[in-house]
Structures are given as structure tokens and as C-alpha cells.
Amino acid sequence: MRPNAAGNGNDDRWGTAGPAIRKKGTSVRPWLVVDVTGDAQVVEAGKHAIMRRTGLPARDLRILDPLLSYPSTVLGRERAIVINLEHIKAIITANEVLLLNSRDPSVTPFVQELQARILRHHEATTNPQEDSHGSGIKILPFEFVALEACLEAACSVLENEAKTLEQEAHPALDKLTSKISTLNLERVRQIKSRLVAITGRVQKVRDELEHLLDDDEDMAEMYLTEKILQQQLEQTSSEEDIDAHDDDDNDIDRAEGVEISLEGRVGGEAGYEDGDEDEDNQNRNAGEHMFGATNQIGRDSRGGTRASTTYSATTNKLDVEELEMLLEAYFVQIDGTLNKLSTLREYVDDTEDYINIMLDDKQNHLLQMGVMLTTATLVVSAFVVVAGVFGMNIHIELFDDKLYGTREFMWTVGGGTAGTIFLYVVAIAWCKYKRLLE
């Protein structure tokens, strides 16, 4: 890629006159221009210069503004195609490609691939080849070559990102299913966020291609070279019609002059002999033959006009099969990427459901443990009541050391403990009978 010697904005064909007279409200940006030969140059141009160069309105240029967030877009206009796909922000005309963000490192491989494709297209155009059957090989128009490079770059970037995400997601999900931890959960959360973002981007590109494939008029607008050839053909036909009309007028004038001359000779030579009348008849026949030729010329001219009009009407209805096949190829590719992401999303959702089931199971075990501990606390409280009764400062025979000793104390403690255990077993059995516990 060679830099432009006039990259300071002084290129007259862009409508700029140098930095000294730039308006303050005009944003001048560097544009990388790749022509039909594959040569690239950087020029600085403002919005109005680009509008004059490409014939695009200001609202279409806002789609390429890096400060604004616009979804993936492919627009066909009268003289240009606007591309906003991922990192590709370009304007394609019938003879050049304008890139806005050529200084982005991610765009550099695309620029090299674009130049290589355009160079091959230029060589194929200048040196046409024939196949074994002797028919010429079909060569895509320049705008379709550039459009294909843009679509391939955008689809390849999304596919590579999806493949990288898939390679990172499977080990992280498998590790999470084997061990639920905060670190593993955080890794899966980040992967899921990336998955949602990439899926949205792929879905936008797919929807844009699907919209183009469903609308033949939008695809017909992208035949920039065909439209230029059609305009040249119509202009040539109009010039030929004008020339044919002028020739018809000249022939009619000459025929009228012959008729007047013949009439004068007939009136002036009424007294001639029969031999002279034969000559007069011959002249009259010659004049009629000329009139017949003139009328025939007029009919041929009108017939040629009708044929030209018919051809124009036929070519105005462009056959979009060529572009449709090109778009369908990349629609299938981006749809495959979307299906791959959908499969990964289902795997993430299944893993998430499995984790939730495991967490619910653990939560159920904790709840059961809580029920058992609460039941134990309840029955122990009954034993505490017994201890509290015996701890009161009242006089009863059971507290008399002369009547009762250690044996009675142990029976009291043992009986209270056994009763507590019995109540606990009954409570747990009742909970299992009611299926409150496993």
C-alpha cells in the first residue's frame, strides 16, 4: 500500500482546497482509497467532498461515523454501496473503494486481501481467459469483488470469535460441573456475557443479509457497473435517434425538391411529343421511388427506436441472480456461525440448569439438617424443663439426703435423657412418615 503524495487534503478532485480554507464545522478524516488496479492512497476529505464524490446523502455517511453506534448495514444507492459490518466501514463505487478506519490494526489484513482481490480482478479484466469450451469466463463486476471481500472479512471475524469462545467455554463448563466454586462461576458468567454479545452481532449480520435476499430491488441497486453501462447505452441510443431524425428530415426535403422539379417540368412541357412524355414518366417513377425509399428510411428509424426502447426496458429489470448467489453463500456461512453459537448457548443453559439442580439439592439437605436440629433443640428443651423444676429452691422429700441418695438422682437423670431421646425419635419418624425428611 503506497501512501498518497497529496494526502494532506489538497486533492482537487475531492473538492478540497487545502487546510487553510477548511471550515470549522467540517470534519476532515483520512480515507484510504483503493482504485480498480489495486493501488491504495490516503486522502483527507470532509463530509461534503465524500458526498460529491459518491453521491451519498449525509444520513448514509452517519452510518460510518465511528462516534455513533449503528447496527450492521449494507445499503445500495444510485452510485455507491455503503458497508458497515463489524470493523469494516467502507464505501464501494463502480471504480474504487473508500475505507474510513484504515489505520485500525484489525483492518490491515482486510486491506491487503482487498488489494489482492482487486488486482486479480484487474488482471482478469485486462487479460480475459476462456475455458475449454471456448466461452469466456464470467468476471464479477468491481463492486461485487469489493463487496465479497467485505462480507468474507466480517463473517470470518465472527466465525473465529465464535470458535475461540467455544474452545474456552467447554473446559470452563466441565470444570464447573465437577466443582462448584466462586472462581468457576465467575469464569462461566464472563463466557456467557461474551456469548450473548457475539450472538447479537452475528444475528444482526444475518438479518441484514436476509433482508437483502428478500428484496430484489435492493439487490438491483447494487449493480453499479451495470447502471453505468445502461446510462451510456441510453445516451448512445438517444444520440442515434437524434441523428436518424435529422437524416429523415434531410431525405424528406430532398424528395419534396424532386417532386416540385417534376411538377414544373410537366407543366412547362405539356406540348411535348409522346417521346418526351416517356421521359417524364421515368422521372416521375424515379421521384416515387425516392419517396418510397424515404418512407422506408423513416420506418427503419422508428423501428430502430422501438428496438432500443425495448432493450432499455429489458436491461432496466436487472437479473439479480449473480448477486443473490454471492449473498446466499455468506448467508449460509453466517447462519452456520449462528447455529454454532446457539448450540453453545444450549450447552451453557443445560450446565446452568444442572448447577441449579445441584444447588437445590444441597439446599434441601441443609433444610433437612435444620429440621433435625430444630427437633433436637425442642426435645432437649423438655429435659431442661425437668432440670429447671429440680433446680427450684423448694423443700420436697426428693431433696432430703436422708431419704434419697445417688441412686435416685441417677434414675432421674437417666429417665429424663431416655424420655428426650424417645421424643426425638418419635418426632423424626413422624417427619419421615409425612415425607418432610428423606
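Me: What percentage of the 438 residues in the protein chain is buried?
Reply: This is a predicted model, in which local features need pLDDT of at least 70, side-chain atom pairs count only at pLDDT 80 or more, and totals for chains, interfaces and linings use all residues. Residues are numbered from 1 along each chain as its sequence is written, and side-chain values use heavy atoms, with hydrogens and water left out. A residue is buried under 20% relative accessible area, exposed over 50% and partly exposed in between, with a 1.4 Å probe and protein chains only. Among the 438 residues of the protein chain, the buried share is 32%.

Me: How many helices and strands does the protein chain have?
Reply: Both kinds of element are DSSP runs numbered from the N terminus: helices are H or I with at least four residues, and strands are E with at least two. For the protein chain the count is 10 helices and 6 strands.

Me: Among contacts between residues at least 6 apart in sequence, what percentage joins residues at least 24 apart?
Reply: A contact requires heavy atoms within 4.5 Å. Of the contacts in the protein chain between residues at least 6 apart in sequence, the part that joins residues at least 24 apart is 67%.

Me: Are helices H3 and H4 roughly parallel or roughly antiparallel?
Reply: Axes are lines fitted to C-alpha atoms, for helices over the stretch in contact, and angles run from 0 to 180 degrees between N-to-C directions. H3 (residues 108-126) packs on H4 at an angle of about 150°, with the axes 10 Å apart. Angles under 35 degrees count as roughly parallel, over 145 as roughly antiparallel, 65 to 115 as roughly perpendicular and the rest as oblique. H3 and H4 are therefore roughly antiparallel.

Me: How many nonpolar, polar and charged residues does the contact of H3 with H4 have?
Reply: On the H3 side are Phe110, Leu114, Arg117, Ile118 and His121, which meet Phe142, Val145, Ala146, Glu148, Ala149, Cys150, Glu152 and Ala153 of H4. Ala, Val, Leu, Ile, Met, Phe, Trp, Tyr, Cys and Pro count as nonpolar, Asp, Glu, Lys and Arg as charged, and the others, Gly among them, as polar. By these classes the contact of H3 with H4 holds 9 nonpolar, 1 polar and 3 charged.

Me: Is the crossing of H4 with H5 left-handed or right-handed?
Reply: The axes of H4 (residues 142-178) and H5 (residues 182-214) come within 10 Å and cross at roughly 155°. H4 and H5 are therefore roughly antiparallel. A crossing is left-handed if the near helix is turned anticlockwise from the far one by less than a right angle, and right-handed if clockwise. The crossing of H3 and H4 is right-handed, whereas that of H4 and H5 is left-handed.

Me: What is the C-alpha separation of Asp174 and Thr351?
Reply: Asp174 belongs to helix H4. Because its relative accessible area is 40%, Asp174 counts as partly exposed. Asp174 and Thr351 are 177 residues apart along the chain, and their C-alpha atoms are separated by 8.4 Å.

Me: Is His87 buried or partly exposed?
Reply: His87 is found in the loop between S4 and S5, where Glu86, at 22% relative accessibility, counts as partly exposed. Leaving aside residues up to four places away in sequence, His87 touches Asn101, Ser106, Val107, Ala153 and Val157. Because its relative accessibility is 14%, His87 counts as buried.

Me: Which residues does Gln368 touch, not counting those up to four places away in sequence?
Reply: Gln368 is placed in helix H9 (residues 321-390). Because its relative accessibility is 17%, Gln368 counts as buried. Its contacts, beyond residues up to four places away in sequence, are Leu437 and Glu438.
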